[in-house]
Amino acid sequence: MAKNDRANFGSKIGVILASAGSAVGLGNIWRFPYETGNNGGAAFILIYLGCILLLGLPIMISEFLIGRHSRANTARAYQVLAPGTPWRWVGRMGVLAGFLILSYYSVVAGWTLEYVVEAVTNKFSGKSAPEFIESFQKFSGNPFRPIFWLILFLLGTHYIIVKGVEKGIEKYSKIMMPTLFVIIIILVACSVSLPGSEKGIEFLLKPDFSKVDSQVFLSAMGQAFFSLSLGMGCLCTYASYFGKDTNLTKTAFSVGLIDTFIAILAGFIIFPAAFSVGIQPDAGPSLIFITLPNVFQQAFSGAPILAYVFSVMFYVLLAVAALTSTISMHEVATAYLHEEFGFTRGKAARIVTGGCMFLGIFCSLSMGPTKDITLFGMGAFDLFDFVTAKIMLPLGGLLISVFTGWYLDKKIIWSEITNNGTLRVPIYKLIIFILKYIAPVAISVIFINELGFLK
Ligand code: PHE
């Protein structure tokens with residue numbers, strides 16, 4: 001976006017690409033598989049899909065309409081729509097959540113850069129599954145290397161935010177995201193054809209509800225918000241750049257569909273391969289970094305050049321997918337500091353980047369050198385992930401649905417969703433009903449249940 005004006009996205013496809021670029025990222029390819037693995041597989045996925053449909057899509061439409069109607073950053077948006085009320089804290093909490101997510105997300109984004117280098121220098125060649133596990137542990141436990149990549153990734157994000165070259169990124173996304181999609185499809189085919197992959201497919205498709213507890217619900221809900229970039233005003237900020245004719249409902253469905261499809265496909269790459277080589281599905285955040293190199297090695301064992309080309313392309317594209325997400329988080333905090341405190345965009349961005357580097361270093365160290373320092377039983381990385389994805393984002397979503405369902409003038413909602421009556425949106429009443437009753441009740445019940453469970 002140019003320096004001081006609120007630019008508009010150039011085209012319809014630009015709107016969808018930027019929002020999908022924010023949504024599709026490490027959340028789909030890294031976090032979704034490991035949460036699925038930790039929470040028992042198919043039953044988790046079903047609950048996750050329920051959360052996307054019942055909570056994610058209506059709340060995404062809410063964020064869109066709040067952003068486009070107010071044409072302001074997420075904190076200001078509430079001041080415009082509900083002047084003088086405490087609703088502005090919803091926006092502020094969102095800015096904070098985005099800032100915290102960016103801090104630990106950049107650590108994992110940095111890991112993807114390490115893997116780009118390993119792929120380019122052909123380090124995967126000839127390694128066995130235990131060797132991949134060992135080399136990941138060695139890397140993430142190193143006090144310097146991951147921090148180097150973390151800083152580099154944040155500087156890359158910073159550069160794009162300050163130079164206002166998102167337009168360039170948008171242009172490249174048009175080629176890169178479909179390419180990533182094609183590679184993902186090829187990898188799914190490779191993974192499911194590995195010997196012993198059936199167990200992984202079963203894990204994804206055969207729900208076992210006996211292991212479902214409040215923790216699984218909380219994780220599925222958190223993952224839905226995280227993956228769709230919801231609950232923190234990210235899509236609200238993007239929608240403030242939407243044009244008047246953007247169909248908010250359709251855009252939300254497109255983004256939700258693309259995002260969910262990619263997450264499910266990622267599951268179909270990781271689990272068949274993990275079961276095939278005997279990697280535990282609950283390996284946690286390291287899961288894709290130890291499973292995927294195996295897929296490349298084993299599936300293309302007869303054609304090492306293909307293994308090489310695919311692994312390089314995959315990690316480059318994964319890094320780009322992460323970048324389009326970090327840009328969106330950075331933009332929320334930068335737009336807030338710039339527009340609310342009068343900092344120049346450059347200074348606002350420097351504060352965000354510097355702060356995230358500082359916190360990110362703690363998160364990175366907690367994966368190795370300082371892993372014994374914990375709070376509530378979690379290191380900095382896990383704590384940031386838990387507090388943001390499982391508390392702040394769903395809480396943000398709850399407040400956004402109450403704000404739209406109960407507080408906001410229905411005329412505003414109607415004019416935004418139907419573009420002033422020019423669109424026919426048959427599910428309009430359903431959206432309102434969900435925002436008013438279903439979403440607030442469902443999120444509250446999951447929260448309360450989890451609290452009871454903790455006791
Ligand atoms: N949705 C992004 C992903 O799946 C992460 C994200 C969360 C981006 C919150 C912005 C806001 O990778």
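Trainee: What is the handedness of the crossing of α3 and α16?

Mentor: This is a predicted model, in which local features need pLDDT of at least 70, side-chain atom pairs count only at pLDDT 80 or more, and totals for chains, interfaces and linings use all residues. Residues are numbered from 1 along each chain as its sequence is written, and side-chain values use heavy atoms, leaving out hydrogens and water. A crossing is left-handed if the near helix is turned anticlockwise from the far one by less than a right angle, and right-handed if clockwise. For α3 and α16 the crossing is left-handed.

Trainee: At what angle do helix α3 and helix α16 pack?

Mentor: Helices are DSSP runs of H or I, at least four residues, numbered from the N terminus. Axes are lines fitted to C-alpha atoms over the stretch in contact, and angles run from 0 to 180 degrees between N-to-C directions. Residues 42–70 form α3 and residues 380–407 form α16; their axes are 10 Å apart, and the angle is about 65°. Because 65 to 115 degrees counts as roughly perpendicular, α3 is roughly perpendicular to α16.

Trainee: Which residue has a polar side-chain atom 2.9 Å from a nitrogen atom of the ligand?

Mentor: A polar contact is a pair of N or O atoms within 3.5 Å. The side-chain atom at 2.9 Å from a nitrogen atom of the ligand belongs to S229.

Trainee: What percentage of the ligand's area does the protein bury?

Mentor: Accessible areas come from the Shrake-Rupley method with a 1.4 Å probe. Taken alone, the ligand exposes 320 Å², and the share buried by the protein is 100%.

Key
A polar contact is a pair of N or O atoms within 3.5 Å; within protein, one must be able to donate a hydrogen and the other to accept it, and residues adjacent in sequence count only if both atoms are side-chain atoms. Helices (H or I, at least four residues) and strands (E, at least two) are DSSP runs, numbered from the N terminus. Angles under 35 degrees count as roughly parallel, over 145 as roughly antiparallel, 65 to 115 as roughly perpendicular and the rest as oblique.
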